[in-house]
Amino acid sequence: MNIAEIVFPIPLNKSFSYQIPENLKTEQCINRRVKASFGNRTLTGYCIAVKENSIQQNQKQLKEIIEVLDKEPVITDEMNKMAAWLSQTYLCSTGEALSVIVPVSLKVPKRKEKPKKEITKKENPVFKVTKYQQNALDEIFLAIDKQQNINFLLHGVTGSGKTEIYLRSIQKVLEQNKTAIFLLPEIALTPQFIKIIKKRFGNIFALWHSEVSLIKKYKIFDSIQKGEIKIVIGARSAIFLPFENLGLIIIDEEHETTYKQNNKPCYCAKEIALWRAKYNNAVCVFGSATPALDTYKKCIDGSFKLLELPERIDSKPLPKIEMVSLKNVNLKNSVLSKKVISAIKQALARREQVIIFLNRRGFSSTLMCQNCDAVYQCPNCSVSMVYHKYPEVLKCHYCGKEIKFPVKCQKCGGKNFRIFGVGTQRVEEELKKLFPFSKIFRLDADTATSKDVYRKVYEGVKNEEYDILLGTQMVAKGFDFSRVSLVCVVDADTSLYLPDFSSSERTFQLITQVAGRCGRADIKGKVLVQTNFAQNYALVNAQNYSYKNFYEQEMDFRKQLQYPPFCDMAKVTVRNKQDKKAQEVAQSIYEILENKILKLNYQISLLGPCQNYIAKLNGSYRWQIILKGQNEQIRPLLKELINIKLPAQTYINLELNPTDLL
């Protein structure tokens, strides 16, 4: 009788032996998902190997596999190797690694799928490419033809034609009977890409993101393995899909932090893309108008090849960005300055469209009692609850806790309240008062509750059903609307002075990206940015579209203080329901690390332990330790922490190269 070796998505990096039922053959189990009893639970795991049982007496002690979930293998050789690499790189078990590659939650369809209707592939539209586009295409095509693993950074200003380069590159790999993965940072961008991809490639593509049902995902997974689907457009998890003959990986808006997974395993889709491209001898194209600093540095160091698109299509001018200083300005009861209101009026009078950007949802960020100055804080998190007017509730944007608007103060019984701060709901209310005949669409996490919302926004603005699009960072990414002539940034300072080394980089990227949403066709664009810090170097460089100047200034700052990309970093977070216990465990971990660093003579700096920026989250207090050095020394140190014994109800999270230190 043969024995199956099974790994589970749990933090134990070992396999467990199970007996294969008599009615199953060995080849019906290996590289498939299986259900098996584990302790007093039934878990879904992965059969990664089968071995002969030479000791008869042990056979009786082994539990039997309960069920094999997949008729065909779902784990390829590449996936097994990728899981091993993920486990090593991101300090997780093989089972946890496999759970992001082949999710345990995928549901096998009960009914047989009807044969797909053929979608007639339309002719490719003939676009005249610019000389810069042609230069980029020549480089990419050469690498594809030679089947060379070359990683490109396509650095093109907004509206310079990056999408056309992506599509022609996909066409090139299809002609060689290869496949392509196209990653996007946000579901909101998919409606416009679906339309374009359908026109170009017919029914050989699929869409993959969190809104796709588990049954649909299984069908996509199966169709990829059968070779029916050649292209996938998707969010970060699409990077794991089981393509063979992978020829091209595209990562659009590569600077976005959404490509990093925040929970275990804390993988980065960009790093997975580079691994898969190398494994498959494929081409990788990272694209952005505002590349991440570490990506641009790779071009300078020679590990990436830089392709530049310095001009918009047809040499259209970039929109003029103007800083509207709020210093010494009394906005009274308004959130918009007179200059911004006047510019919106003029744009609407010309029957043009406007985008208003504010990276904070809700009506107001703070509710305060006028009698005792008590601020309503979330009982689960150390943040103030956000006032939402429609419906009228207080909501925590971290844990989702909601409470009704208070009748009286819970501290002193007073009945008078003041609200501070500005959210998208408040801006929407003001816009409706100022422009009662204009049609406004608000796009934020409160309104974007389904994928249909993104389609409604895209088609609505495209078909000029809406005059004003108001939203959070969702409106700053990738949208291409020909009638938008004005972009207004309500508050550029929201992210500028967060206590994080990357706050200037994020602000520069956001302002540049949202500015790029206007003036993309025959209408000139204008951008107004409200700020209290108009002379800040991130804003000045964004105003001048000077990426290289910003890069040099920011890199000088990073080098002086030894921040990435001049070092690697790791974040160790300790959680406990009791603040004191979390602090004590964090202190003991700090001492373990400190002693180990001294013993091994490692060149690693330790910062902390200190409370996280949001000290309490979802009912748990959080303390963190930051390590700065090189991954070659950081990773072995963190491995020492994986198996340490922790007090009850205490948890640690290990994150290599975190996107922030908040």
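This is a predicted model: local features need pLDDT of at least 70, side-chain atom pairs count only at pLDDT 80 or more; totals for chains, interfaces and linings use all residues.
Next I looked up L86. Setting aside neighbours within four places in sequence, I found L86 in contact with L91, C92, A97, V100, I101, F240, Y267 and I272.

I turned to K316. I located K316 in the loop between β12 (305-309) and β13 (320-325). Is K316 buried or exposed? Its relative accessible area is 18%, so I count K316 as buried, the cut-off being under 20%. Not counting residues up to four places away in sequence, K316 touches R520, A521 and D522.

Last, I checked helix α15, residues 547-561. Its 15 residues should span 21 Å at 1.5 Å a residue, and I find the end C-alpha atoms 21 Å apart, which agrees. I listed the buried residues of α15 as Y547, F550, Y551, E554, M555 and R558. Why do the buried residues line one face of the helix? Seen down the axis of α15, they fall within an arc of 120°, so they line one face. An α-helix has 3.6 residues a turn, so residues three or four places apart point the same way. The buried residues of α15 pack against β6 (151-156), α9 (293-301), α13 (503-515) and α14 (537-543). On the face turned away from the buried side, I noted the exposed residues E552, K559 and Q560. Q562 follows α15, with a positive phi near 55°.

Technical notes. Residues are numbered from 1 along each chain as its sequence is written. Side-chain values use heavy atoms; hydrogens and water are left out. Contact means heavy atoms within 4.5 Å. Helices (H or I, at least four residues) and strands (E, at least two) are DSSP runs, numbered from the N terminus. Buried means under 20% relative accessible area, exposed over 50%, partly exposed in between (1.4 Å probe, protein chains only). The expected span of a helix is 1.5 Å times one less than its number of residues. The arc is that of the directions from the helix axis to the C-beta atoms.
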